[in-house]
Amino acid sequence: HPELFSPSSHPASVEVGLEQQSFTTYEGAGSTEVCVRIERGGFPTTQPFSLLVSTQDASATAPSDYLALSDVIIGPFTASNTVQCFSVTIVRDAVCEGEVDEEGYPRPEVFSAIVRSEEGSSVEVRGSSSVATITIEEAAECIPVVVGFDQVSYTARETDEPLGVVVNVSSPVVLRRNVTITVQTVPGTATPNVDYLASSLTVQLSNNQRTLPLSLLIADDGICDSSPRETLQIRLSSSDPNVTLSPGVASVTILDSPPCVPGTVRFQQTSFVSSEEVGWAVVCASFSSPPSSSSSSFSLTLSTYDITARAGEDYVSVSRDLSFGPNVTQQCQLLLLVQDSRCEATMTESFGLKLTSTENGRTAIQDSASVVIYDSPECITVRTGFEEVVYALGESSGSVVVCAEILSPAVAEREFFLLLSSSNRDAVAGEDYTGLQDVPLGPFSLSQRRNCLSVSVTDDGICEEPEESFVLSLTTDDEFIDISRDSVTVYIEDGLEIECVQVSCGFEGSTSYIVQETSGEFELCVGVYPALRFNFTVNLTTVDGSATSGSDYAPVSEMLEFAPGVQRHCVSITILNDQES
């Protein structure tokens, strides 16, 4: 029957072939594209048709990990257009998943995309390749990265080329991001910028970079170190929480270079001290670690060089060979100093010492030291003391100011303090004055030759006490300071307070005066005794007798101020002529 063979009455059998059945993407990718290819079979059809695509959760779930598709139409497919693609949106959830594999790396998540025919379609989908598995790897920043040195220790010699250091980067998957690390040198026994170039370098490892070569500059300091090996560290650091540093620290050992001698020869002191007055200094060098009996003899050169002292002016320069060996483990030399009769600003001068060895034209410093020369005693010692040896004041004065000064004509260019303390005699600290114990007084210097300090005195309000006193003393721990006037006595006099002094006050001359109306005025004087050390006031007022103020005389009411030491005040009184008999 013809209808049995009609294309519309029998569904067409269609092979659906996904171009890939497995897709891998990652959270930061945004989306992934899946393409479907149609291979026709069974009864052919010339009509366009579409297919439906849906997604299905597995370990990845919609919508937290991707945006689900539900019967989304793709097409139309035609005889000339047999490939159609669709996209699945991948969600960046900003969460690093907690599930990890046996190596500690985050497990990827998966879901499926399924292609089928539309309901009632004349096209029937068949074939196992109609299902695609999509794998979502973690976001790039969640993928753990291991960064570390290729070795845990390196060795270099001072004369070598720069030390090569390699940093390795490893990750279980393709690294889709940059990694920032900091490489920093950390000193050990090696001295930064003397034995090696100190550095702190922040570098960015580019996308999927697996190695980072670095160079560490080793310096030839020309010095034979106390240990033939000096060390430092190189450390890695990163603020990225998903970067593991292993090994993050590597040690570097720097070996001395020839011509450093066998055994270790050192000056016995780093600083030798003498003075111009002595005129010489003895310096000694010896093995700090004795050589073996089989060691051969060798020579080192002892030489001097200027620091603040000048050769020929302050000392006699030398350059001498010193021999050492199994039976000679110490050498001492006498160096001459010059007394220049000049006071140095800093009281001392110094020059340097070097022990050097030479091999094949190359010289290395085995050790170094210095000689400190002190000035002559007259230049070093500073004489100081109190300005006065006795102070006197009244109880009501409140305080006494005591001063100390530099008495030497020449002073070294340095600062120093003196210590001021008090001790009781008749006066008692805390009752009559404020006690002192090692109170700093200063600083004294070339430009500040005088310093003062106020000491409080207490008024106990008791008159007719005997004279009281206490002592102030100056001390110092500086052996180059001579305190020639080291104490002063402070006397507290009770009779200097106004309430404790008996003062005589009165008119001078007669207590009775005769004047003529026509005389105009006369002078009246008032005196006090004794002479006082404080201000004293007397009120002078006229009082009528048979004479009337205003008609017979001009009234007077005046306060007479007696300053300290003033004992006499005079006042003029005006007589009025009233023309009456």
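Is Arg568 buried, partly exposed or exposed? Arg568 is partly exposed, with a relative accessible area of 48%; buried means under 20%, exposed over 50% and partly exposed in between, with a 1.4 Å probe and protein chains only. The model is predicted, so local features need pLDDT of at least 70 and side-chain atom pairs count only at pLDDT 80 or more, while totals for chains, interfaces and linings use all residues. Residues are numbered from 1 along each chain as its sequence is written, and side-chain values use heavy atoms, with hydrogens and water left out.

Salt bridges come next. A salt bridge is a side-chain nitrogen of Lys or Arg within 4 Å of a carboxyl oxygen of Asp or Glu. The count comes to five salt bridges. Arg568 pairs in this way with Glu508, the closest N and O atoms being 2.7 Å apart. The pair links distant parts of the chain: Arg568 is in strand β40 (residues 568–574), and Glu508 is in the loop between β36 (504–507) and β37 (521–529), 60 residues apart. Strands (E, at least two residues) are DSSP runs, numbered from the N terminus. Glu508 is partly exposed at 31%.

Arg450 forms a salt bridge with Glu387, with the closest N and O atoms 2.4 Å apart.

Glu27 lies in the loop between β2 (22–26) and β3 (31–41), and Arg92 in the loop between β6 (83–89) and β7, so the pair ties together parts that are 65 residues apart in sequence. Glu27 is buried at 3% relative accessibility. Arg92 is partly exposed at 32%.

Aromatic contacts were also computed. The structure holds seven aromatic pairs. Rings of Phe, Tyr and Trp (its six-membered ring) pair if their centres lie within 6.5 Å; planes under 30 degrees apart count as stacked, over 60 as edge-to-face and the rest as tilted. The Tyr66 and Phe111 rings are stacked, because their centres are 3.7 Å apart and their planes at 5°. Tyr66 is in the loop between β4 (49–57) and β5 (72–77), Phe111 in strand β7 (residues 109–117), 45 residues apart. Tyr66 is buried at 1%, and Phe111 is buried at 0%. Phe416 and Phe444 are likewise stacked, with ring centres 5.4 Å apart and planes at 15°. This pair links strand β30 (residues 416–424) and strand β31 (residues 439–444), 28 residues apart. Phe416 is buried at 5%; Phe444 is buried at 0%.

An open sheet of four strands has the order β15-β12-β10-β17, with mixed pairing. Two strands pair if DSSP finds at least two bridges between them. The edge strands, β15 (211–216) and β17 (243–245), each pair on one side only. Strands β10 (residues 145–149) and β12 (residues 163–170) pair in the antiparallel sense over four bridges. Val147 has Val169 in β12 as its bridge partner. Asn168 is also in strand β12 and is partly exposed at 32%.
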